[in-house]
Amino acid sequence: MSLNRSEKQAVIDEVAALAAKAQTLVMAEYRGITVADLTKLRVEARKAGVTVSVLKNTLARRATAGTPFEVAAEQMTGPLLYAFSEDAVAAAKVVAEFAKTNDKMVLRGGVYAGKALDVNGVKALAAIPSKEVLLSQLLGLLQSPVSRLARVVAALAEKKGEGQGAEAQPA
């Protein structure tokens with residue numbers, strides 16, 4: 001069933017609003033995937049804050065015109081699903097993980113920071129740890145020198161305390 005002009009404009013406006021808020025776009029070919037599997041993908045995507053849409057490519061091109069995602073216009077061919085995320089790596093992670101378990105899902109490319117990504121670029125983006133993991137690693141890195149210094153000072157204080165106790169006994 002084709003959409004009339006106002007319905008097409010509504011889809012374009014909705015996708016343009018997604019694109020305005022998103023940092024990342026991942027495109028994947030979904031040919032041969034069952035509805036049940038696509039539903040699983042959408043559920044996982046929703047949990048990660050990713051919006052997955054199956055769109056006509058002409059509507060997707062019009063919606064992304066004038067946005068940083070416009071660079072992917074030449075990649076928008078064939079049956080594609082579009083995953084937008086505000087988190088820089090969430091869309092890539094969700095789609096790449098799904099593609100690992102479902103061989104019919106084929107990554108086609110994406111866009112991050114206004115630069116078009118090929119399949120390897122999307123996989124590399126998916127390999128980056130999440131923001132929470134990176135923050136915890138940074139915190140651990142910052143705490144490491146402080147905790148080492150505290151252990152050294154405590155060891156020196158303990159050693160000095162033992163030395164004073166030994167001097168007091170012989171006298």
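## Ser53 and its surroundings

Setting aside neighbours within four places in sequence, Ser53 is in contact (heavy atoms within 4.5 Å) with Leu18, Leu80, Leu81 and Tyr82. The structure is a predicted model, in which local features need pLDDT of at least 70 and side-chain atom pairs count only at pLDDT 80 or more, while totals for chains, interfaces and linings use all residues. Residues are numbered from 1 along each chain as its sequence is written, and side-chain values use heavy atoms, with hydrogens and water left out.

Ser53 belongs to strand β2 (residues 50–54). Helices (H or I, at least four residues) and strands (E, at least two) are DSSP runs, numbered from the N terminus. With a relative accessibility of 14%, Ser53 counts as buried. The term buried means under 20% relative accessible area, exposed means over 50%, and partly exposed lies in between (1.4 Å probe, protein chains only).

## The sheet

Strands of a sheet pair through backbone hydrogen bonds, either parallel or antiparallel. Here, five strands form an open sheet with antiparallel pairing, in the order β2-β3-β1-β4-β5. Strands β2 and β5 stand at the edges with a single partner strand each, so one side of each has no neighbour in the sheet. From one strand to the next, the twist averages 20°. Two strands are said to pair if DSSP finds at least two bridges between them.

Five bridges link β2 and β3 in the antiparallel sense, and Val52 stands opposite Ala83 in β3. Strands β1 and β3 run antiparallel and are joined by six bridges; Leu25 has Phe84 in β3 as its bridge partner. Six bridges also join β1 to β4, again antiparallel, and the bridge partner of Met27 in β4 is Gly109.

## The enclosed strand β1

How many of the six residues of β1 are buried? Six of the six are, so β1 is largely enclosed by the rest of the structure. Both of its faces are covered: Thr24, Val26 and Ala28 are buried on one side, and Leu25, Met27 and Glu29 are buried on the other.

Within helix α3 (residues 57–64), the residues Asn57, Leu59, Ala60, Ala63 and Thr64 are buried. They lie on the same side of α3, because they cover an arc of only 160° around the axis. This arc is that of the directions from the helix axis to the C-beta atoms. The elements covering the buried residues of α3 include α1 (5–21) and β3 (80–85). Just after α3, Gly66 has a positive phi of about 85°.

Two packed helices are described by the angle between their axes and the distance between the axes. The axes of α1 and α3 come within 8 Å and cross at roughly 50°, which makes α1 oblique to α3. Axes are lines fitted to C-alpha atoms, for helices over the stretch in contact, and angles run from 0 to 180 degrees between N-to-C directions. Angles under 35 degrees count as roughly parallel, over 145 as roughly antiparallel, 65 to 115 as roughly perpendicular and the rest as oblique. The contact involves Lys8, Val11, Ile12, Val15 and Ala16 of α1, together with Leu59, Arg62 and Ala63 of α3.

## Helices α4 and α5

Helix α5 (residues 119–127) lies across β1 (24–29), β4 and β5, and runs at about 75° to β4. Helix α4 (residues 90–101) packs with α5 at an angle of about 105°, their axes being 8 Å apart. The pair is therefore roughly perpendicular. In α4, Ala92, Lys93 and Ala96 meet Val122, Leu125, Ala126 and Ala127 of α5.

Ala90 is found in α4 and is buried, with a relative accessible area of 6%. Apart from neighbours within four places in sequence, Ala90 is in contact with Ala48, Val50 and Ser85. Ala90 and Thr24 are 66 residues apart in sequence, and their C-alpha atoms are 8.2 Å apart in space.

## A loop residue, Ala113

Is Ala113 buried or exposed? Ala113 is exposed, with a relative accessible area of 59%. This residue lies in the loop between β4 (106–112) and β5 (115–117). The phi of Ala113 is near 55°, a positive value in a residue other than glycine.
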